[in-house]
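Me: I would like to learn how to read the features of a structure one at a time. Could you take me through this one, giving the general idea before each case?

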Amino acid sequence: MPLSDNMRGALLMTLSMAAFTTNDSMMKGVLEELPLFQALFLRGVLNLVMVLTVLRPFLGPVRFDLPRRDLWLIALRSLSEVGGAICFMSAVRAIPFANATAIMQTMPLSITLLGALLFRDPLGWRRLLSIGVGFVGVLLIVKPGTAGFELEGLWALAAMICITLRDTTVRAMGRDVPNSTVTFAAVLAVTVATGFVSVQEPWQSLSPLSSLQLIGAASCLLVGYVTSVTVMRIGEISFVSPFRYTALIWALLLGFVAFGEWPDDWALVGAGVIALSGIYNVLREARLRRRAARAGQA
């Protein structure tokens, strides 16, 4: 029996989350041997090659003959990508892998909030409350003001803010801006910025293990890019989007198997709170969209 579009979309979303999370875990392994900026620069070089070769058939040609406003927005998005990459890898290096991943899963909530503030998207009290609950989950993970407080956890929070700005910026771009240009500019910005900083500090030689991990990380990122673009064209968003929280399951498994890490009870509760509030937000938005569509047909 052939799979429905919804099931194919759910499988692609799960694969996308597995690919992105595996990329992050491999980079965490690389950072045990290499400095942060050297590792990000080397992965960036591999990603540039992949964007211009393997990804080209999926994303189309890169072009910059765009209105000046869109070029500035692409530049802002690329700078946000740089900040997000550096901050998240700093967090992954310092705190349990699943904790950093869980904090990043608040991103859909923060994007919803920022969309309401900047674009006046409708945001009822139920969804606003669920966003607040989601950020309570972050507090349970970071645990400010307690003996278990990890200052490094703020790197993940900073990464979430940067990625929220990155994805919100896309909404302000014109519809004619190619995905290939946006992706290429982001990868180029991360590569150039981290490369510039990396030459200011001594480089470490690559072991066979770190070389394989870098290639694996770049390849997983490639799979993540392709599947994340494809999944938005298959199935209903309200059905597919909740499967993004399978990233938490992958992070728990990879953190335990690869690094012997397991979050404490409060962090696990916080991750669950974030996932439930995010799923509620997706389902509530879908319900409101269907209600508006029915009202428009009446």
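**Reading the features**

Reply: Let us start at the surface of this model, which is a predicted one. Leu3, Met7, Leu11 and Phe239 form a nonpolar patch there, with about 350 Å² of accessible area together. Of these residues, Leu11 is found in helix α1, which spans residues 5-30.

Me: What does Ala100 touch, if residues up to four places away in sequence are not counted?

Reply: With those sequence neighbours set aside, Ala100 is in contact with Phe88, Ala91, Val92, Ile95 and Ala156.

Me: How should I read the cysteines, and how many disulfides does the structure hold?

Reply: The test is one of distance, since a disulfide is a pair of cysteine sulfur atoms within 2.5 Å. By that test the structure holds 0 disulfides. Cys162 illustrates the point, as the nearest cysteine sulfur, that of Cys87, lies 4.7 Å away, and Cys162 is in no disulfide.

Me: Is Cys220 buried or exposed?

Reply: Cys220 has a relative accessible area of 17%, and because buried means under 20%, Cys220 counts as buried.

Me: How do I read a pairing of charges, and how many salt bridges does a search of the whole structure find?

Reply: In general, side chains of opposite charge can pair when their charged atoms come close. A search of the whole structure here finds 9 salt bridges. One of them joins Arg63 to Asp65, with the closest N and O atoms 3.0 Å apart; Arg63 is partly exposed, at a relative accessible area of 33%, whereas Asp65, at 58%, counts as exposed.

Me: Which parts of the chain does the pair of Arg171 and Asp121 link?

Reply: Arg171 forms a salt bridge with Asp121, and their closest N and O atoms are 2.4 Å apart. The pair links distant parts of the chain, 50 residues apart: Arg171 belongs to helix α8 (residues 153-172), while Asp121 lies in the loop between α6 (107-119) and α7 (125-142). Arg171 is partly exposed, with a relative accessible area of 46%, and Asp121 is also partly exposed, with 26%.

Me: Which residues are linked in a network of salt bridges?

Reply: Such a network joins Arg77, Glu81, Arg166 and Asp167. Within this group, the side chains of Arg166 and Asp167 meet in a salt bridge at 2.7 Å, N to O. Arg166 counts as buried, at 15% relative accessibility, whereas Asp167 is partly exposed, with a relative accessible area of 23%.

Me: Finally, how should I read a loop residue, and where does Gln204 lie?

Reply: Gln204 lies in the loop between α9 (179-198) and α10 (208-231), and at 39% relative accessibility it counts as partly exposed. The C-alpha atoms of Gln204 and Glu33 are separated by 7.7 Å, although the two residues are 171 residues apart along the chain. Not counting residues up to four places away in sequence, Gln204 touches Glu33, Leu34, Pro35 and Gln38.

Technical notes. Residues numbered from 1 in each chain as written. Predicted model: local features only at pLDDT ≥ 70, side-chain atom pairs only at ≥ 80, totals over all residues. Heavy atoms only, no water. Buried < 20%, exposed > 50% of the residue type's maximum accessible area, 1.4 Å probe, protein only. Contact = heavy atoms within 4.5 Å. Patch = residues over 30% accessible without salt bridge, like charges linked within 9 Å, V, L, I, M, F, W, Y side chains within 5 Å. Areas by Shrake-Rupley, 256 points an atom, 1.4 Å probe, with all protein chains shown as cover. Salt bridge = Lys/Arg side-chain N within 4 Å of Asp/Glu carboxyl O. Helix = DSSP H or I, 4+ residues; strand = E, 2+ residues; numbered from the N terminus.
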